[in-house]
Amino acid sequence: MTYPHIIFFIILVLPLLGGLINFLAGARSGPWIATAALLLSSILSVFLLKLTVDLPSVLRFTWLPGIEIGWRLDRISVSLIALVSFISMLIHLFSIHYMKDDPGIKRYFAKLGFFTFSMLGVLGADHLLLLFVFWELVGFSSYLLIGFWYKNEGVPYAARIAFITNRIADAGFLIGIILIMVNSGTGFISELQSIDQTGWWVGAAGIGLVLGAFGKSAQVPFFTWLPRAMAGPTPVSALIHAATMVAAGVYLLIRTSVIMPPALVSTVAIAGALTAFIGAFSALAQTDIKKVLAYSTVSQLGYMVMGVGVGATDMALFHLWTHAFFKAGLFLSAGAIIHYFHKHFHSIDGQDMRNMGNLKSVMPVTQFSYLVCMLSLAGLPFFSGFLSKDGILLKSLEWSALAGPWAFIVPVLGFFTVGLTAYYMGKQALVVFYGKNRMETELVKDKEDFLTVRLPLIILAIGSLGLFYSFNPFVHHFQILDFWFGHQIPLSFSMGWLAPAISIPLAVGGLFVAFRSYRPERSFTYRDYVARGHYRKWSMHALYLDQFYHESMVKAFNMISEIIYGLDRRFIDPVLNWLGMSFVVFSKLMDLVDKLIVDKLVEFVAYISKLGGDFLRLFHGRRVQLHIFWAVLGTILILLWINNFM
């Protein structure tokens with residue numbers, strides 16, 4: 001075992017070990033132990049990145065006879081391991097404050113550690129089977145976290161929807177893995193680019209991998225589970241939506257896109273662009289502060305998938321990195337707001353933005369973090385989201401110019417989404433933090449705890465600034481990416497100016513429209529935020545896709561199941577019952593034959609043997625000397641007889 005892999009296994013086990021120790025420790029010290037484990041994991045991951053930045057580390061071993069699996073640590077996997085460890089550590093720290101009064105706090109941190117452990121396993125795995133094991137553990141642990149408050153109405157249902165949706169997509173993923181291993185003879189991700197890609201199975205395996213990735217990263221048509229995942233605690237939403245579970249699908253696409261046929265890759269690009277638009281459109285009319293961010297996550301994941309489809313895999317990975325910071329910051333800011341309402345206004349829905357307003361006066365640090373992360377998500381210059389998003393948009397323009405006129409639907413949807421994103425994020429900021437307080441009671445000044453609230457929010461806000469990646473936001477060659485991936489991003493071609501020239505006016509325009517509609521000096525009533533009009537209703541219900549799935553498809557499946565049940569009850573069950581009764585009667589007959597014939601015959605043979613033995617016993621005495629005499633005498637007589645005839 002190599003030195004980097006020893007460090008990796010320590011990083012891998014620390015979250016799980018910290019969660020278990022937390023569960024055994026007291027409610028006060030346990031969460032701090034779990035957080036300290038993640039802090040140590042984050043520090044070690046930085047050291048591991050230094051070790052593997054120039055030379056990947058590979059470890060392989062025999063799992064079953066004929067099946068070898070292993071781990072691979074390179075720039076991509078280790079940089080994401082560091083990202084997941086760090087973001088998870090900040091969420092652990094924030095959760096200490098957020099969950100301090102919850103009776104299930106020890107159970108919460110144990111599940112949080114299990115989730116982080118599972119995601120780290122996905123990132124380190126080099127074999128598809130090993131990745132699939134941790135992939136399923138991520139799905140199972142997310143089910144536990146989404147359904148954490150299982151006693152609340154609707155929470156178990158939301159957890160089941162998320163779990164079942166991912167299992168349906170994972171069935172395709174498993175089929176893809178089987179096809180690759182059976183036909184190529186290898187399941188190692190690092191060897192996929194060297195396999196023969198001329199067979200029919202390559203396309204089928206690619207479709208299976210895409211289905212698995214789309215389910216985990218909430219792409220069309222699987223995205224409806226992600227807004228339902230808001231049923232879990234807000235820090236859980238931050239962890240799932242930022243850099244962990246939903247990012248796993250994008251990571252899988254980045255690793256396996258080398259074996260996908262060009263037509264499938266183009267389909268991925270279109271699906272990503274469509275998801276980005278649908279997610280942004282669905283966020284426009286939402287009134288729940290977490291649902292706005294949930295649909296925003298769907299939209300940004302669409303950008304990442306679109307980046308993979310157009311060939312900008314490095315920029316997709318960079319957007320995954322930047323999205324982790326600003327989305328975690330936004331969710332934790334929302335968590336601070338929800339916790340504030342639960343603490344001071346028990347009877348008011350702390351997630352409904354129509355109840356908010358002027359929160360900047362009582363939550364200044366939360367407002368600062370939210371605004372920085374919001375501007376990064378909106379894609380304004382000097383913020384990290386602008387750099388990564390515009391890199392994807394620029395590459396989509398270059399890709400569509402080469403692919404043909406039909407391909408321009410991808411950058412068109414991508415750019416249109418920029419304006420929508422800026423609008424709904426600007427609207428949310430204005431409604432929540434500015435204007436007048438829309439509650440009947442006065443706001444209460446609440447001191448935000450520095451270590452467990454302010455510090456995570458400030459760190460995430462600082463990480464959302466663009467100067468850490470490029471001092472010039474209009475040049476898409478980033479030295480820090482050169483450190484991560486070993487080469488600069490090949491984007492600045494003749495159209496390098498075109499993406500920001502389109503996206504910046506759209507982002508500024510979206511913010512301007514939001515300000516004109518929801519400027520602070522305007523007075524609003526609760527009714528002003530109710531979705532009215534056709535587009536608002538379609539936005540509020542996410543194009544009614546969720547209703548379509550649950551009212552049309554579910555009803556259809558229920559009808560089919562009822563038909564099958566009727567056929568089973570009327571035809572199959574009687575046949576099976578008759579066969580069962582026939583076997584019972586036959587077994588009874590065989591039992592009688594066994595008892596009356598076979599057993600009696602065996603008993604008769606035993607009886608005859610006993611009679612013969614008793615008869616022969618009459619000729620034998622009980623003295624040993626006599627037996628020896630007769631044996632010797634018999635032997636002499638036999639020898640004499642043989643001698644007379646020889």
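**Figure 1. Overall make-up of the protein chain in a predicted model.** The secondary structure comes to 22 helices and two strands, where helices (H or I, at least four residues) and strands (E, at least two) are DSSP runs, numbered from the N terminus. This is a predicted model, so to speak of local features we ask for pLDDT of at least 70, side-chain atom pairs count only at pLDDT 80 or more, and totals for chains, interfaces and linings use all residues. Residues are numbered from 1 along each chain as its sequence is written, and side-chain values use heavy atoms, with hydrogens and water left out. Along its principal axes the C-alpha trace spans about 135 × 55 × 55 Å.

**Figure 2. Confidence, contacts and surface.** The mean pLDDT (the predictor's confidence in each residue, from 0 to 100) is 85 for the protein chain, and 91% of its residues reach 70 or more. Over residues 476-493 the pLDDT is below 50, yet the model still gives this stretch 48 contacts beyond near neighbours in sequence. A contact here means heavy atoms within 4.5 Å. Take the contacts between residues at least 6 apart in sequence: 79% of them join residues at least 24 apart. Of the 646 residues, 54% count as buried; buried means under 20% relative accessible area, exposed over 50%, and partly exposed in between (1.4 Å probe, protein chains only). The accessible surface of the protein chain comes to about 29,300 Å², with 70% of that belonging to carbon and sulfur atoms. These areas come from the Shrake-Rupley method with a 1.4 Å probe, and for residues only the protein chains shown count as cover.

**Figure 3. Aromatic pairs, edge-to-face and stacked.** Rings of Phe, Tyr and Trp (its six-membered ring) pair if their centres lie within 6.5 Å; planes under 30 degrees apart count as stacked, over 60 as edge-to-face and the rest as tilted. By this rule there are 23 aromatic pairs. One of them is edge-to-face: tyrosine 3 with phenylalanine 47, at 6.5 Å centre to centre and 80° between the planes. That pair links distant parts of the chain, with tyrosine 3 in helix α1 (residues 3-24) and phenylalanine 47 in helix α2 (residues 30-52), 44 residues apart. Phenylalanine 47 counts as partly exposed because its relative accessibility is 35%. Phenylalanine 277 and phenylalanine 281 make a stacked pair instead, 6.1 Å centre to centre with 20° between the planes. Both sit in helix α11 (residues 262-283), four residues apart, about one turn of the helix. With a relative accessible area of 14%, phenylalanine 281 is buried. Elsewhere, ring pairs link Phe8, Phe9, Trp71, Phe117 and Phe134 into a cluster.

**Figure 4. Arginines over phenylalanine rings.** A charge sits over a ring if NZ of Lys or CZ of Arg is within 6 Å of the ring centre and within 35 degrees of the ring normal. Arginine 60 lies over the face of phenylalanine 188, 3.7 Å from the ring centre. Arginine 167 has its charged end over the ring of phenylalanine 163, at 4.5 Å from its centre.

Figure 5. Serine 266 belongs to helix α11 and counts as buried at 16% relative accessibility. Leaving out residues up to four places away in sequence, serine 266 touches Trp399 and Trp406. Valine 418 is in helix α16 (residues 409-433) and is buried too, at 1% relative accessibility. With the same exclusion of residues up to four places away, valine 418 touches Tyr303, Ala378, Lys389, Leu393, Ser503, Leu506 and Ala507. Valine 418 and glycine 510 are 92 residues apart in sequence but 8.1 Å apart in space, C-alpha to C-alpha.

Figure 6. A cis peptide bond, with omega about 10°, joins valine 220 and proline 221. Proline 221 lies in the loop between α7 (200-216) and α8 (225-228). Alanine 218 is also placed in the loop between α7 and α8, and it has a positive phi of about 55° despite not being a glycine. Alanine 218 is buried, with a relative accessible area of 0%. Phenylalanine 382, likewise not a glycine, has a positive phi of about 75°. Its loop runs between α14 (364-378) and α15 (384-403), and phenylalanine 382 is exposed at 55% relative accessible area.
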